[in-house]
Amino acid sequence: MLSAAETAQLRRQALWSRLLAYPTYALIIAMGRLRFGYTFKDLERFRAELWAKLDAHPGPVIWAANHLTMIDSFLVFWAVFPMSRAGQANRLPWSTPEYRNYYAVGSPLKAAAVRTLMYLCRCIPFLREGEDEASVRWREAAFEKCALILKEGGSVFVYPEAGRARNGWLDSRKPKDFLGRLALATPGAKFLCVYLRGEGQTFATVAPRRGEAFRMHAELVDGVLPGETTPRAVSERLFTVLAGLQERWFAGSVLSKNCAGNDVVDLGAERHRENFDLESGEADTDWLTRHLSAKELSYFSSQLKGSRFRTFWMYFAAKEAAHKAFTQAGIMTPHGAFRMIEVDLFRRKALHRPTGAQADISFTDADDDKVHCLAVLRGGSVGDADQPGDVLWRVEEVPSGENPGDFARRRLLDFIAESADDIPSAALLAISEDDGLPRVLRRGKLQDWGVSLSHSGRYAAYSFMVS
Amino acid sequence: MAFKRKETVIEATDLNTIDAAETEKRIIAGVKKYATNEANWSSADANTPFLGHIIGMGIESSNLADITMSIERQFLTKKTTRVPVGANGEFRLEDGELGKLRILDGQDALAATPGLSVKMLMDFGHMASDPAYLERVVSFAYISVVGDGHKMNEALKKAVSRAEKLTGVEKDEAAANVKTLAAQALAYEALLADPAALAEARQKSYAADKAAHEALSSELTMAVDKLAGATTSNDAGRVAALRTEEAEIKTRLKMSAAKLRVSAEVAAQAGKRSAAEEAKVAQIRTLLSETIRLSGC
């Protein structure tokens with residue numbers, strides 16, 4: 001329960017933010033438009049359609065949006081809220097930014113300015129980390145404040161993912177319970193689901209690039225449906241709605257939605273062994289440091305000598321697979337810059353260090369002769385032991401005398417045709433190499449299937465992704 | 001027991017005692033064991049890509065570092081004195097005693113051919129610059145452009161060959177693919193004809209890298225701001241975590257700057273065209289035009 005002082009504090013903040021709503025709104029728009037040059041596509045139509053639905057629902061609203069930058073709250077607010085409605089106090093959303101990201105930053109003067117802006121923007125600071133009593137109490141108080149606001153017919157803005165998506169993709173398979181809990185605590189509330197993204201936004205950043213043009217889709221849906229009794233059930237539905245909006249967004253984008261890669265390494269190839277002494281487990285240090293970051297080297301060195309050779313090539317295959325997935329999203333890595341991609345074999349992640357973009361990786365077809373890795377940046381899931389992913393792949397031996405690249409291309413098309421009921425023959429498909437990237441053509445149209453080809457020594461591997 | 005390479009000991013040569021052509025010859029010889037396209041390797045010249053099967057030597061990306069290390073093992077340089085740069089143990093190499101050649105991290109980012117490897121050695125002061133030799137070397141930007149053209153040409157040829165064997169509805173669908181591929185090839189051929197348009201296309205990659213670099217700089221500013229805030233709050237654990245975060249972002253920022261330098265150089269190279277590059281471009285344009293003609297589109 002909130003204390004009387006906490007409730008009074010909340011009401012005071014509501015009063016000040018209401019009184020200063022117009023100048024605060026003007027400041028946000030001026031900053032966004034004049035300093036950063038941001039614009040929105042089809043803004044008037046978007047607002048008109050959305051407000052027709054909002055006006056038909058006078059009750060509380062929980063805003064839920066995807067999260068890519070530190071200023072998404074301002075952008076979503078700007079997209080949804082016309083200035084003419086800034087006086088509608090109950091519609092102005094409250095948000096829950098992470099305390100440590102916004103409230104203790106820079107010099108005392110800067111911190112004070114940021115705090116004032118956050119206060120007027122109806123922010124309730126939230127602590128996502130910490131399991132000590134004070135942190136837990138802080139989180140509970142923030143939840144209670146949100147619930148109180150909603151019970152009084154107000155609006156609250158929460159990011160369902162709880163943090164910026166490092167791969168730039170909202171994953172509907174990983175719902176978080178906070179929003180479900182909030183909806184169950186305020187049964188009359190509806191969810192305003194918003195998917196907003198800049199046309200050139202490929203990964204999570206502090207702020208979108210200058211001059212970015214945003215496009216957005218939104219839905220107003222019920223908070224709790226009959227039969228939904230757990231936070232997880234509500235959150236799962238909410239994530240599905242957001243994932244649907246994400247699909248709509250990518251359908252209208254020039255960005256590829258499905259970005260995946262694969263890589264195979266023939267462990268038997270002599271040229272892959274020359275930098276290792278397989279008996280002692282030692283490797284050429286100079287050669288290793290050209291491929292592995294300090295963190296990766298440390299993990300490599302911690303491995304039993306007998307497994308280091310394979311560990312190295314797992315790193316390598318993961319870096320190559322991730323490189324292909326990143327390239328499909330327009331995230332480039334210079335020639336031979338292996339250390340720009342850092343792989344965490346334990347967490348199964350590959351980080352593109354210059355941009356911070358992160359792909360999921362998975363190893364398949366493992367045996368003594370080869371290593372094969374899949375990587376997915378966005379578009380679906382790479383899969384794990386419990387759930388199959390959205391990538392289909394095969395690793396095969398290249399018949400003697402065949403060009404491995406040609407073999408991989410031919411077999412990829414065969415594989416796609418075999419996997420799809422509506423493609424009777426691989427002859428109906430072709431591979432385009434526009435911009436140096438392989439993409440499949442069907443009926444003359446480029447398909448967003450995230451195809452990837454690889455060959456190494458005796459093996460060829462190919463993969464594609466449909467989600 | 002420390003690792004010991006199993007190979008014939010190579011007697012390294014002082015780079016200042018041989019000319020560019022000899023250096024190129026030795027670089028090509030040094031990568032023989034990694035080349036999977038024997039025919040292309042045996043006819044390789046300054047402008048034969050190490051990677052790729054169509055016109056390249058067929059070296060796999062898993063042996064990229066071996067190319068650089070093979071060059072290091074073959075040559076000696078006077079650039080052996082380490083001069084520290086910054087506080088992170090990084091250094092640059094200045095003149096000193098004759099010793100082992102060392103190619104530092106990122107210096108080989110554009111060394112995609114034997115000629116570009118020789119240029120790299122010249123650019124970093126390991127051997128005297130030879131303008132006459134460099135005239136014959138195709139830039140990294142054009143190596144990529146020509147390589148992409150060959151890939152596109154092969155894709156169109158294959159699609160045409162597949163379509164020819166089909167009949168009825170299948171032939172119609174395959175023909176639609178051929179039409180798209182031919183249109184792509186035609187557009188690419190037109191792009192190759194205009195150096196300014198090509199440079200503009202490469203400028204887009206540079207602009208994307210620049211935006212990413214700026215985004216990372218903002219990330220550093222935010223970490224510094226958070227650190228300033230945490231310092232005043234006397235939270236030692238938080239300060240330590242933020243210092244680690246700051247150091248990691250600085251490392252990433254350096255990588256981002258290196259990446260930006262590569263794309264800036266590629267964008268700059270694409271705008272100029274030497275006689276050697278003009279010849280390569282003319283060759284691939286002719287190939288594309290011929291395949292487009294054969295496609296009947």
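**Strands, domains and the chain contact in a predicted model**

In this predicted model, strand 18 of chain A and strand 19 (residues 459–465) of chain A pair in the antiparallel sense, joined by 5 bridges.

Q: Which residue of strand 19 of chain A stands opposite A:Leu453?
A: Strand 18 of chain A and strand 19 of chain A make a hairpin with 2 residues between them, and A:Gly457 in the turn has a positive phi of about 55°. Across this antiparallel pairing, the residue of strand 19 of chain A that stands opposite A:Leu453 is A:Tyr462.

Q: Why is strand 18 of chain A described as largely enclosed by the rest of the structure?
A: A:Ser452, A:Ser454 and A:Ser456 point one way from strand 18 of chain A, while A:Leu453 and A:His455 point the other way, and all are buried. A residue counts as buried here if 20 or more other C-beta atoms lie within 10 Å of its own. Strand 18 (residues 452–456) of chain A is largely enclosed because the buried residues number 5 of the 5.

Q: How far apart do the C-alpha centres of domain 1 and domain 2 of chain A lie?
A: Chain A is divided into domain 1 (4–251) and domain 2 (259–465), and the contact between them involves 8 residues of domain 1 of chain A and 11 residues of domain 2 of chain A. By class, the side of domain 1 of chain A that touches domain 2 of chain A has 3 nonpolar, 3 polar and 2 charged residues. The C-alpha centres of these two domains lie apart by 38 Å.

Q: What is the radius of gyration of chain A?
A: Chain A has 13 helices and 19 strands. For its 467 residues the globule rule gives 23 Å, and the value for chain A is close to this, so chain A is as compact as a globular protein of that length, with a radius of gyration of 25 Å.

Q: How far apart do the C-alpha centres of the two domains of chain B lie?
A: Chain B is divided into domain 1 (13–137) and domain 2 (138–297), with 15 residues of domain 1 of chain B in contact with 13 residues of domain 2 of chain B. The side of domain 1 of chain B that touches domain 2 of chain B divides into 8 nonpolar, 5 polar and 2 charged residues. The C-alpha centres of these domains of chain B lie apart by 24 Å.

Q: Which element gives the most residues to the side of chain B that touches chain A?
A: The contact takes 56 residues from chain B and 51 residues from chain A. Elements giving two or more residues to the chain B side include helix 6 (140–164), helix 7 (168–193) and helix 9 (236–271) of chain B. The element that gives the most, with 16 residues, is helix 8 of chain B.

Conventions
Residues are numbered from 1 along each chain as its sequence is written. Chains are lettered from A and ligands numbered from 1 in the order in which they are written. This is a predicted model: local features need pLDDT of at least 70, side-chain atom pairs count only at pLDDT 80 or more; totals for chains, interfaces and linings use all residues. Two residues are in contact if their C-beta atoms, placed from the backbone, lie within 7 Å. Helices (H or I, at least four residues) and strands (E, at least two) are DSSP runs, numbered from the N terminus. Domain bounds come from an automatic or database domain assignment. Ala, Val, Leu, Ile, Met, Phe, Trp, Tyr, Cys and Pro count as nonpolar, Asp, Glu, Lys and Arg as charged, and the others, Gly among them, as polar. A residue is buried if 20 or more other C-beta atoms lie within 10 Å of its own, exposed if 12 or fewer, and partly exposed in between; C-beta atoms are placed from the backbone. Two strands pair if DSSP finds at least two bridges between them. The radius of gyration is taken over C-alpha atoms; the globule rule is 2.2 Å times the number of residues to the power 0.38.
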